[in-house]
Amino acid sequence: MQLKNDLFLRAARGEKVERTPVWLMRQAGRILPEYRQVRAAAGDFKTLVKTPELATEVTIQPVDILGVDAAIIFSDILVIPEAMGLNYEMEERRGPVFPKRIATREDLKMLHVSEAEELQYVLDAIAMTKKHLSGKVPLIGFAGAPWTIFSYMIEGKGSKTFSDAKKMLYTQPEFSHQLLQMITDSTINYLKGQVKSGADLVQIFDSWAGILSPQQYAEFSLKYISQICDAIRDVPKTVFAKGAFFAREAMNSISCNVVGLDWNMDISESRRLVPGKVLQGNLDPCALYGSLADVKRETVNMLKAFGPDKHIANLGHGLYPDTEVDKVKCFIDTVKEYRHHG
Ligand code: CP3
């Protein structure tokens, strides 16, 4: 189907666009009362993720209510470990918890390389969302980067340091590579399925990239992200490696189209380090706690620093749950109204 608004996709491919496109990480859920209503009716997070009709509804909400230039499918990065054989639970206010976790080579017997069909509910939600969007805006598919998924599988829950996962890289590098390759192969199957079902672009979230040294990042993370990017040929790819300011130059060597920046990364320095890629980001989500005038000023400053080309406006990480909707709208409207001069 022909897209009515393809600004986001054209910008992702590096083409010139009339204005900078905008969407927000974690735009689906969290801040919208309309989301909370659907979430309450579903009962819990996993039911919402596993019911395509509901996932479709909350995926489309920010397109209709906020006016963003792209939708992102409502799911979670932790569906991959579950498909591989390691269930997760989403505890209220605590976040994800794995009842069992991977600690030894023996534990790998619990796991298998998953096929796309083992996540049929996500594929169905993508197909249903595409149908309901009827070409209004493009749909983003996503997965976690193998290193970030590995971290949760080893740690069994969120962590500030992920030191158990890092310990594994130092003490059992061969085992670590074995598990990272299984996650990578599962992710490739999954993302290929997402593209087949209608995803127009895929984004890889490496939320825990920033805790590795540059050498470890190259060996245990980027290597696998690069395999994924090479395997997905039919749509543009975005890599968001949170905190990995040291890996920006290395992003030139992988086959992604877009590189996500967090707010710690200087914009002009990033342009210099990654000249060939489209950049996405990078306003501090906390900037949205300011007044409407503050939000507008910060957003314009960001737009000026990126310039008119090769930029997709976003935050430097996901929206925080207590952000006011009118501040989010102000960010989006400022981007949509802004025109670069000269
Ligand atoms: O961007 C979107 O709106 C699409 C949906 C989306 C969710 N999770 C829904 C969600 C996406 C893209 C994710 C990715 C994700 N999940 C990441 C990578 C991005 C990042 O934030 O760094 C990570 C690390 C996770 C794992 C995860 N999921 C955690 C740590 C938590 C609990 C804490 C939190 O952030 O809320 C979740 C839960 C989760 N995933 C919620 C949503 C809307 C909130 C749960 C709820 O509604 O009950």
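Colleague: How far does a backbone N or O atom of Gln27 lie from an oxygen atom of the ligand?

Modeller: This is a predicted model, in which local features need pLDDT of at least 70 and side-chain atom pairs count only at pLDDT 80 or more, while totals for chains, interfaces and linings use all residues. Residues are numbered from 1 along each chain as its sequence is written, and side-chain values use heavy atoms, leaving out hydrogens and water. The atom of Gln27 concerned is a backbone N or O. Its distance from a ligand oxygen atom is 3.2 Å.

Colleague: Which residues come nearest to the ligand?

Modeller: There are 22 residues around the ligand (a heavy atom within 4 Å). In the side chain of Arg30, an N or O atom is 2.4 Å from a ligand oxygen atom. For the side chain of Tyr35, the corresponding distance is 2.6 Å. Both belong to the group that comes nearest: Arg30, Tyr35, Arg39, Asp76 and Ser207.

Colleague: Is His311 buried or exposed?

Modeller: His311 is found in strand β9, residues 311-315. Its relative accessible area is 1%. Since buried means under 20% (1.4 Å probe, protein chains only) and exposed over 50%, His311 is therefore buried.

Colleague: Which residue has its backbone oxygen 3.0 Å from a polar atom of the His311 side chain?

Modeller: Leaving aside neighbours within four places in sequence, His311 is in contact (heavy atoms within 4.5 Å) with residues including Ala11, Thr20, Pro21, Arg271 and Phe306. Val278, Leu279, Gly281, Met302 and Leu303 are also among these contacts of His311. The residue whose backbone oxygen lies 3.0 Å from a polar atom of the His311 side chain is Gly281.

How values were computed: Helix = DSSP H or I, 4+ residues; strand = E, 2+ residues; numbered from the N terminus. Polar contact = N/O pair within 3.5 Å; in protein donor to acceptor, adjacent residues only side chain to side chain.
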